[in-house]
Amino acid sequence: MGKIKKNANSLRWRFDVNTFRLLGRELITDRITAVFELVKNCYDANATEVVVYFNNVAPDKNIGPEIIISDNGVGMSFIDIRDKWMVVGTNSKRTKSYSPGPFNRKFVGEKGIGRFAVDKLGERVVIKTKELNDDKWLNVTINWDEYESLSKQQAKPQLSLFTDVDNLYNYTDANPNEHGTSLIISKVSEPWTSKDIERLYKELSRLTSPFYPLNPPFNIFISSNEYPEYHHKPVKPDPIKFYTYFKEVGIDETTGLQEVMRFDRHSGKIVTELTEIKSFGPVRLRIYYFNEAAKRRYNTLYKNDDTRIDGIKIYRDGIIATPFAEYEDDAGKKRDILGIDKRRWGSAFDKVSTREIIGVLDITKINNPKIIDSTNRQDFLDNPEYRKLKEFIIDQVDVFGDFKKYARDLIRTDVERDLLKAGQDVKSFTRTIEKIERDWFQDKPQFKQVLEPLKLQATSLSSVISQSINEQKKFQKDVIRKENVYLSLMSLQDYAANISHAIRTSLGKIKRMAEFFKINFPNAKFDALFKQYALLIYDEMNTLIKVTDFMLSYASSDIDFEDFSVKELLENLLLDAYRQTFAAEGIKVTVDIKDDFIINTNKKFFEDIFQNLVSNSIKALQRTADKIIKCSGYLDDEHFTLYFSDNGTGIDDDDAKWIFGLYNTRTSEQGGSGLGLYIVEKRIEALKGSVDLVQSEYKPGATFKITLPFNKDI
Amino acid sequence: MPAPIKIVVIHDGLIPMVDPLLVMLGENFGKENVIHFENSNEGLDYVLGNLNQKMIVLLDRNFSKGEKTGIQVFEEIRKTSSLVYVILITADEFAKIKNEDLILLINHDAFAIQSVAADYTKIIALAENAAHKLNARVDSVLEDWIVRHKEEDRSRPLMKAKDGRIYSMNDILESIRQQSDIGKDFERNLVNLAIEIFSRQKPLA
């Protein structure tokens, strides 16, 4: 600890101006985060109550604006202020994780940044603080504007890292039982509107879990002498209303097992199942799902502020753990720590996005010790347990995706059923009229005249309904077609990245050889090379033509279905089209399709399945010496079965289902985007077939079993 | 005549033996001095095993088949030596190179980055530029001077440092190559001495 000169009433800090600048001006980027940080520090100081006062901060007020953050925490001693509060790098929070007993709160404040947040708010601060049983309040005045001018003086070529700064302090009388800290910030840098305070309120309302009763409590109040709506207003989480569906899972009391959510197709509800406690420990999860109408209703309640429905937040012992204070006006710019929106083609694929759910996941420091804050406290430490926790959350969010799809299908089938029924009703109406005409009014032309328009109307109604049914069917087909095109484009994107590299390499070779001709021809010394280059250019061009043909097949607007032989297609694809790729990668390919099978679908989409399986295998085979890909198939009584195997690194049994999820990948380092197997599964599902990871044919290795039914009706 | 420079090409997008780039590098630097590796691991092994030679590495960025990436090879080389000039030749768009890779390349003095689709004459010009710099470097000039001496002379004590340590020609070369304090000092003094000698010369009439 550096020596500090203690004058009669001034406290001298040796101050690192550059750190001051860095932390104060760059890390705390906005005012709301600044206040949020300071309130978190109150929590760390064992406060049970904190009040944020805004006095005279409205835009038109020029006299004495002030922000006061006042808590009843443990307070600071003279030594604390001298040695810790302002001295960067001696943060007591770095060595300890918990606040003093009996509270033992897990520290939530950033690493010594909170104090610098004061600077964001105003240029002068008085710290008024006192520990229990001290008989006086200690008041220290810090003038940031003075630091600023000092630091400017120092921005000379010879940089001196430390500046000596004198700060005035004095003592005032107090009741020995009082304790706590108040930061009285003046020369406030910017005015605060009611809207600004509302944003702060919203952020602070997320600090504590809406469900977990904090004991001892931590109550936050906002108070303003200008905005009547903030008259000592307690900060409480928003009540969650108007949601479409709510589900909560925790620990089953009788068995001690972890409850998980599953969608039950029969009842159309999300049900609870039990499973072993996961590696990350027991958790409680609540998810509120909002469909479009519910979202609109909920957002209307908050003046169309659409950042209220904001995904899953994790609370540890009732205090927000991640994402930490994250003030962001634009919901699209929010960080997606849990990776929920990474699956961003949400609505197209019945995935639920963070804009459709509010979720709270409760963990505790005792039960979930492996979920550890990362150093920057903006996320958790990346370890196997946290990865599993993320997967767990996404899996549970996906349950709501199933629910969403079910609800959508239900509406669709209801409409179809109603249309069909209307059609039948009209037909039976027509038949009844005909019967009446025949049985009762055979010889009474005057009645026939009355019935005739009815008959005509019924006929035209019937044709309108038939037309509607056809339109409805067409529309459904169109939806499927669009989804298919979309999937095909997504796989193309992946493919294009690889192929563009190959094309550039190829073009590079051709260009160099052409350049060689340009510069050196004729030259007898290089005659042999000229001949060789001519042949090589020819070969390279052929390769390029093949590659571009393949690309062009995507460009064709033809997405019609056709009959083709699976055996022929697989042999062409794996033995011819991919021959060069396999040769380059050193992969030996076996195709053994015993029986032929004619299928009616879009050829390109069917090829996508194998293109993705192949690219998956190539990644898995990177570290294998004798690389093998094998595709075998046969017919049995009801199905055509295909096995696709490689002897690569293989896939964990635990991941057997997970790998088919959109954006789920274990090969992101090798450029895996987590699209491939998703596309494979969707394409096969579209053929009413199934794909599963089964016992591997090679050890190590992976084998996918694809089963396609005989019924070619898609 | 300076000692020959080895041009080590670690690239899987070139036609082995006959690629015009290899042929023309051979024309410029001598066929026997151009060594081509398609496998990045083998290329790296060669570089690390021959650090006593003057070397320029033309390095690809992407290698498949579970080999080290160009960036990894570069990092590995830099862990041991900062005296090998590395020119990155990539088929990717530069915009696709990750920022942290670019920062690493700049901070560790990659000599240049060039597209594989660029004229090979440009790539050869870069290699020649690197060769010129390599030959003009103090350690290279010194090496050229040292190799003109007999082996027994090279290990004989030549100078005494302030701390009393005795240095032979080989020791001096070694300390410059490793950029140790004494090596840096020696380098600086040598350049100063050269300038002084120049300045003592009488201007030509």
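Predicted model: local features only at pLDDT ≥ 70, side-chain atom pairs only at ≥ 80, totals over all residues.
Mentor: Residues are numbered from 1 along each chain as its sequence is written, chains are lettered from A in the order in which they are written, and side-chain values use heavy atoms, without hydrogens and water.

Trainee: Why is B:Asp101 called buried?

Mentor: Buried means under 20% relative accessible area, exposed over 50% and partly exposed in between, with a 1.4 Å probe and protein chains only. B:Asp101 has a relative accessible area of 13%, so it is buried. Its place is in helix H4 of chain B, residues 99-107; helices (H or I, at least four residues) and strands (E, at least two) are DSSP runs numbered from the N terminus.

Trainee: What does B:Asp101 touch, not counting residues up to four places away in sequence?

Mentor: B:Arg61 and B:Ile71, where contact means heavy atoms within 4.5 Å. In chain B as a whole, 46% of the 205 residues count as buried, and the secondary structure comes to nine helices and seven strands.

Trainee: What makes A:Lys511 and B:Asp119 a salt bridge?

Mentor: The rule asks for a side-chain nitrogen of Lys or Arg within 4 Å of a carboxyl oxygen of Asp or Glu. The closest N and O atoms of A:Lys511 and B:Asp119 are 2.7 Å apart, so the pair meets the rule. Across the interface of chain A and chain B, three salt bridges are found.

Trainee: How many residues are in contact between chain A and chain B?

Mentor: On the chain A side there are 24 residues, in contact with 25 residues of chain B. The area buried between the two chains is about 2100 Å², and carbon and sulfur atoms give 55% of that; buried area is the accessible area (1.4 Å probe) that two parts lose on being put together, summed over both. A:His501, A:Arg504 and A:Arg512 supply 31% of the area that chain A buries against chain B, more than any other three residues.

Trainee: Which elements give two or more residues to the side of chain A that touches chain B?

Mentor: Helix H10 (445-520), helix H11 (527-555) and helix H13 (579-585) of chain A do. The largest share, 13 residues, comes from H10(A).
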